[in-house]
Every structure is written in C-alpha cells, then in structure tokens.
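User: I'd like to learn how to read a model like this one, feature by feature. Could you walk me through it?

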Amino acid sequence: MIISENFRKALENLEENAPQIMVEMTRYSANSKYFSDNYDRLSREYRDQHVAILDERVVGYARDLEDLCNHLRRRGINPAGETYIGSLKENPRPLILLT
C-alpha cells in the first residue's frame, strides 16, 4: 500500500483524524477493487506496464514505475494515498511507495 503524507500525519493523531483516514482508505479500497475486477481487460490494454487507478479509472500508465509516478505528479495527482498503482508485468514485484 502506498502511504501518503496526509495519511501518515493523520495516523499521528488517530482519534482526531479517524474520519479522514476512513475516507482515504475507502477510496483506496475502491480503486484496488476496480483493478482486481478489471484485471483481465487491463492486462490486455496495458500489458507489461504499471497502471494508476484513481476514482475507479486509469489515470496513468508506464513500463517504469518512476516514470509513472513522475507523470502523475506532473498532472497534479499524488501517486500515494487514494491512488492505487498495480503492476501488469509478467513477474510483478510487491510495491510499497512512501512519499
């Protein structure tokens, strides 16, 4: 899971920030579910690439993870937090990104 700076700060004061944490986790979960539910189609369209899912739609893709994160940042999208990044590579490695 990618942890955003906002999420990390929210964890520091968990009780006060519980609603914010729940919103971000719920959105991340929905994006993760979208990736899983659409894996077959996505793997055909974005073969051997990483894809970024936000608001249950593909917002970026690239073969190189760093290129994808840079592309998202240029578009004003934080590649952490609510954005789910999944790998459609043949032998994917687990992804944990901290921003």
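Analyst: Let's start with confidence: pLDDT is the predictor's confidence in each residue, on a scale from 0 to 100. This is a predicted model, where local features need pLDDT of at least 70, side-chain atom pairs count only at pLDDT 80 or more, and totals for chains, interfaces and linings use all residues. Residues are numbered from 1 along each chain as its sequence is written, and side-chain values use heavy atoms, with hydrogens and water left out.

User: Which elements have the lowest and the highest mean pLDDT?

Analyst: In general, where pLDDT is low, the predicted coordinates should not be read in detail. Here the protein has a mean pLDDT of 85, and 84% of its residues reach 70 or more. Helix α1 (residues 5-12) has the lowest mean of the elements, 70, while β2 has the highest, 97. These elements are DSSP runs numbered from the N terminus: helices are H or I with at least four residues, strands are E with at least two.

User: What is the strand order of the sheet?

Analyst: Two strands pair if DSSP finds at least two bridges between them. The open sheet has three strands in the order β2-β1-β3, with antiparallel pairing. β2 and β3 are its edge strands, each pairing on one side only. Neighbouring strands are turned by 25° against each other on average, direction ignored. Four bridges join β1 and β3 in the antiparallel sense, and Ile53 stands opposite Tyr84 in β3.

User: Which way do the helices run across the strands?

Analyst: For angles, axes are lines fitted to C-alpha atoms (for helices over the stretch in contact, meaning heavy atoms within 4.5 Å), and values run from 0 to 180 degrees between N-to-C directions. α2 lies across β1, β2 and β3, at about 25° to β3. α4 also lies across β1, β2 and β3, running at about 130° to β2.

User: Which residues make up the largest nonpolar core?

Analyst: A nonpolar core is a set of buried Ala, Val, Leu, Ile, Met, Phe, Trp, Tyr and Cys residues joined through side-chain atoms within 4.5 Å. Buried means under 20% relative accessible area, exposed over 50%, and partly exposed in between, using a 1.4 Å probe and protein chains only. The largest core has 10 residues, including Ala52, Leu54, Val59, Leu72 and Ile77. β1, β2 and α4 (65-74) each give two or more residues to this core, and α4 gives the most, with four. Leaving aside neighbours within four places in sequence, Val59 is in contact with Ala52, Leu54, His71, Leu72, Arg75 and Ile77.

User: How are the rings of Phe35 and Tyr84 arranged?

Analyst: A pair of aromatic rings is described by the distance of the centres and the angle of the planes. Rings of Phe, Tyr and Trp (its six-membered ring) pair if their centres lie within 6.5 Å; planes under 30 degrees apart count as stacked, over 60 as edge-to-face and the rest as tilted. The whole structure has four aromatic pairs. The centres of Phe35 and Tyr84 are 5.2 Å apart with planes at 45°, so this pair is tilted. The pair links distant parts of the chain, with Phe35 in α2 (residues 14-37) and Tyr84 in β3 (residues 84-87), 49 residues apart. Both Phe35 and Tyr84 are buried.
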